[in-house]
Amino acid sequence: MEEFVRYILISNLTLIAVLLSYRMLLQRTTFHGINRGFLLIGSVVSLLVPLLPFSTETQEVVLGVQLPTIDFSQPFANAPLATESFNWPLYLYLTGVIVSLLFFVRGMVSIILLFRNAETETINGTRVSRSDSAGPFSFLSCIHLPKKLSVHHQEVILNHELAHVRLGHSYDVLWLQLLRIVFWFNPLLVFYQRAIQEIHEYQADALTYISSSKEHYVKVQLDQLFQLPSELSFANSFNNSNDLKKRVNMIYSEKSSKWGGMRYLIALPLLAVIGLMAACTETPVDAVQEQAEEVYKTADVMPEFPGGMQEMMSYMMTSIKYPESAKADSVSGKVFVQFVVDKTGKVGQIEVVRGVRDDLDAEAVRVISEMPNWTAGMQNGKKVSVQMVLPIFFKLE
């Protein structure tokens with residue numbers, strides 16, 4: 001669960017960086033196709049950044065003094081049936097996914113029923129569904145126009161919806177809807193989707209008023225006051241933009257110069273830096289402070305557990321509790337835990353460098369983190385911090 005939370009945090013940080021970069025640097029440019037790609041690629045990158053191999057974990061045991069293996073065995077015959085505790089965060093998340101999915105399915109069914117019940121006709125060689133149930137919109141390759149639409153406005157609006165279809169805008173929205181189902185708890189995705197749909201309207205507007213005039217096209221926009229039903233909110237609509245003023249301003253704005261493209265040279269490196277910073281944010285603050293001091297792999301006098309090695313073995317055998325979930329699944333394996341005994345004898349910087357699975361790894365970390373202070377190591381007559389590795393072998397007999 002901890003890894004999932006980390007994944008979500010880093011993913012959200014990346015999304016925020018992408019959206020802020022667009023809002024601050026790119027939103028007012030007329031490079032709509034590039035801006036659309038920027039946001040779409042950014043949404044994919046936000047899913048990949050947390051998976052980058054910038055973890056402090058390694059697959060091999062790092063160099064350091066390896067202590068004798070703690071061999072912790074449990075009779076297999078005594079292994080109880082699975083008695084896992086109620087994982088309410090997981091069930092809460094799954095409930096949210098199911099509810100979000102139901103809303104999505106409801107919207108899809110509404111669109112399907114609307115097209116199924118609408119009348120079909122051909123206008124200028126294009127097959128169009130018409131009804132009084134909704135305003136003009138398109139979804140995938142389907143176009144809907146209201147019956148009560150003046151001939152004077154019909155051609156302009158049809159060209160606008162055709163632009164949405166040709167540019168494949170519905171696929172962008174479906175992708176964002178999928179993200180909103182998986183990450184239903186993230187309100188940022190609502191604004192992210194609105195930004196992409198805003199670009200969709202800019203693109204469709206730009207392709208439509210070419211065949212007309214800006215003045216006539218804007219007049220048609222102002223004359224149309226249709227409103228899509230809420231369940232059709234992820235369809236591409238002639239009136240889908242939440243801010244018509246932005247669209248009108250964009251229509252009358254001058255085309256961005258080539259120098260405007262320099263903004264992307266600022267936005268892309270900015271995203272790269274933020275992504276790398278986010279991927280490397282898993283080192284705790286206290287670990288950073290401790291690592292400022294030199295940590296030795298070996299020392300003239302090595303740290304010692306109170307009472308010596310025999311006492312450490314006794315402490316480990318009496319303190320370790322074989323996780324019930326691991327016993328229920330008959331899971332065994334050796335967990336290598338790296339830690340540092342600092343100059344005060346305190347055990348810290350605990351890290352699983354080769355694990356088996358989460359429950360066994362967590363138990364190994366717990367036991368080591370609860371160790372009493374050791375006798376600190378010595379180098380050249382001075383107390384120093386020393387790194388050590390302790391293998392713990394969980395096995396069922």
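Two worked exercises on a predicted model follow. Local features need pLDDT of at least 70, side-chain atom pairs count only at pLDDT 80 or more, and totals for chains, interfaces and linings use all residues. Residues are numbered from 1 along each chain as its sequence is written, and side-chain values use heavy atoms, with hydrogens and water left out.

**Exercise 1.** Determine whether S385 is buried or exposed, and list its contacts.

Solution.
1. S385 lies in strand β12, residues 382-396; strands are DSSP runs of E, at least two residues, numbered from the N terminus.
2. Its relative accessibility is 4%, so S385 counts as buried (under 20% relative accessible area, with a 1.4 Å probe and protein chains only).
3. Apart from neighbours within four places in sequence, S385 is in contact (heavy atoms within 4.5 Å) with E293, E294, V295, Y296, V340, V341, D342 and K343.
4. For K343, the side chain of S385 reaches the backbone nitrogen at 3.5 Å.

**Exercise 2.** Describe the location and surroundings of P303.

Solution.
1. P303 sits in the loop between β8 (295-296) and α11 (309-319); helices are DSSP runs of H or I, at least four residues.
2. With a relative accessible area of 8%, P303 is buried.
3. Leaving out neighbours within four places in sequence, P303 is in contact with V341, W374, T375, A376, G377, V386 and M388.
4. The C-alpha atoms of P303 and G345 are 7.6 Å apart in space, and the two residues are 42 residues apart in sequence.

Note on methods
Buried < 20%, exposed > 50% of the residue type's maximum accessible area, 1.4 Å probe, protein only. Polar contact = N/O pair within 3.5 Å; in protein donor to acceptor, adjacent residues only side chain to side chain.
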